Amino acid sequence: MVCLSIKQILKRVNLQARYVARRVMSTTEKWKLISEELLAAYKLLPSDIKESNFGYTKDDFLQYLSVNELRLAMEELDGVMENNTSPGVLFWEHMINAANLMNRPEHAIKYERIKVAT
């Protein structure tokens with residue numbers, strides 16, 4: 001297992017955020033990219049994923065996504081860790097991309113830590 005310091009994680013997150021920020025896009029374009037990242041992560045969940053009211057539920061995720069509540073959709077997806085093992089590195093990369101697009105560095109750092117531990 002690779003163990004990164006907080007400084008290294010912040011550096012990675014900042015590099016990803018700068019890359020995303022370089023591309024000027026409309027709000028609608030940004031929402032579309034965020035939705036695509038979240039859907040890509042969702043599609044990586046195994047079919048036997050456990051759902052709970054205290055973690056992840058498919059219906060809540062899809063509802064939040066359908067009404068463009070992207071932060072809530074992202075947080076619903078990260079709740080998968082409450083009752084399941086990590087869905088894998090690629091899942092967390094999509095979550096990191098979504099967090100960076102939403103300018104949520106605290107989420108990106110959290111997801112980077114989970115990804116590294118996966």
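This is a predicted model: local features need pLDDT of at least 70, side-chain atom pairs count only at pLDDT 80 or more; totals for chains, interfaces and linings use all residues.
Student: Why is a set of 25 residues called a nonpolar core?

Tutor: The name applies because such a set consists of buried residues of kinds such as Leu and Met, joined through side-chain atoms within 4.5 Å. The largest nonpolar core has 25 residues, and those with the most contacts inside it are Leu 38, Leu 77 and Met 95. Two or more residues each come from α2, α3, α4, α5 and α6, with α5 giving the largest share, seven residues.

Student: What is Leu 77 in contact with, leaving aside its neighbours within four places in sequence?

Tutor: Its partners include Leu 38, Ala 41 and Tyr 42, and also Phe 61, Phe 91 and Met 95; each counts as a contact because heavy atoms lie within 4.5 Å.

Student: How do you know that the buried residues of α2 are on the same side of the helix?

Tutor: The buried residues of α2 are Ile 34, Ser 35, Glu 37, Leu 38, Ala 41 and Tyr 42. They cover an arc of only 160° around the axis, and therefore they lie on the same side of α2. Their cover includes α3, α4 and α5.

Student: Which residues are exposed on the other side of α2?

Tutor: There, Thr 28, Lys 32 and Lys 43 are exposed, which means that each has over 50% relative accessible area.

Notes. Residues are numbered from 1 along each chain as its sequence is written. Side-chain values use heavy atoms; hydrogens and water are left out. Buried means under 20% relative accessible area, exposed over 50%, partly exposed in between (1.4 Å probe, protein chains only). Helices (H or I, at least four residues) and strands (E, at least two) are DSSP runs, numbered from the N terminus. The arc is that of the directions from the helix axis to the C-beta atoms.
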